[in-house]
Amino acid sequence: MSRHESYMKAMSRQEELRMAQANKQSDNVKAWPDVDMVNSPPHYNQTGIECIHAISAATGDGFKYYLQGNIMKYLWRFDYKGKPLEDLQKAQWYLNTLLEDVAASDES
């Protein structure tokens with residue numbers, strides 16, 4: 001087996017593991033029908049601090065690039081994960097957050 005084939009096989013296995021984990025998380029969420037997976041996913045607030053606020057504090061001026069990256073990620077994959085509307089709503093959430101961040105920067 002060539003190096004490329006070995007690499008592709010390893011990448012395929014990693015993707016299978018990621019999908020299995022995502023399916024497991026998705027099954028757990030189904031038990032909570034009122035959970036808003038776009039605006040307030042429970043796995044992003046395990047310790048009482050919203051993950052997005054911690055990332056903003058840690059990245060400072062680079063926060064807008066983090067937001068851009070997530071917008072691109074959700075737009076890129078929305079048609080491949082089985083929940084296209086949810087992924088597009090997540091892209092919109094990150095875009096709205098970026099708009100708020102830029103507006104706040106312009107006001108200061």
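A salt bridge is taken here as a side-chain nitrogen of Lys or Arg within 4 Å of a carboxyl oxygen of Asp or Glu. The exercises below concern a predicted model.

**Exercise 1.** Determine how many salt bridges the structure holds, and state which residue pairs with Arg77 and which parts that pair ties together.

*Solution.* Applying the definition to the model gives 2 salt bridges in the structure. The last step is accessibility, where buried means under 20% relative accessible area and exposed over 50%. With a relative accessible area of 24%, Arg77 is partly exposed, whereas Asp87, at 2%, counts as buried.

**Exercise 2.** Identify the partner of Lys90 in a salt bridge, and decide whether Lys90 is buried or exposed.

*Solution.* The side chain of Lys90 meets that of Glu86 in a salt bridge, with an N to O distance of 3.3 Å. Both residues lie in helix α4, and because they are 4 residues apart there, about one helical turn separates them. As for accessibility, the relative accessible area of Lys90 is 14%; since buried means under 20%, Lys90 counts as buried. Its surroundings can then be listed: if neighbours within four places in sequence are left aside, Lys90 is in contact with Met37, Val38 and Tyr74.

**Exercise 3.** Work out how α3 and α4 are oriented towards each other, and describe the residues of their contact.

*Solution.* Begin with the axes of α3 and α4, which come within 8 Å and cross at roughly 160°. Angles over 145 degrees count as roughly antiparallel, and α3 and α4 are therefore roughly antiparallel to each other. The crossing in which α3 passes α4 is left-handed. Turning to the residues, those that α3 brings to the contact include Phe63, Tyr66, Leu67, Ile71, Tyr74 and Arg77, while among those of α4 are Asp87, Leu88, Lys90, Ala91, Tyr94 and Leu98. Sorted by class, the residues of this contact divide into 11 nonpolar, 3 polar and 5 charged.

Terms used
Residues numbered from 1 in each chain as written. Predicted model: local features only at pLDDT ≥ 70, side-chain atom pairs only at ≥ 80, totals over all residues. Heavy atoms only, no water. Helix = DSSP H or I, 4+ residues; strand = E, 2+ residues; numbered from the N terminus. Buried < 20%, exposed > 50% of the residue type's maximum accessible area, 1.4 Å probe, protein only. Contact = heavy atoms within 4.5 Å. Axes fitted to C-alpha atoms, helices over the stretch in contact; angles between N-to-C directions. Parallel < 35°, antiparallel > 145°, perpendicular 65-115°, else oblique. Left-handed = near helix turned anticlockwise from the far one by under 90°. Nonpolar A, V, L, I, M, F, W, Y, C, P; charged D, E, K, R; others polar.
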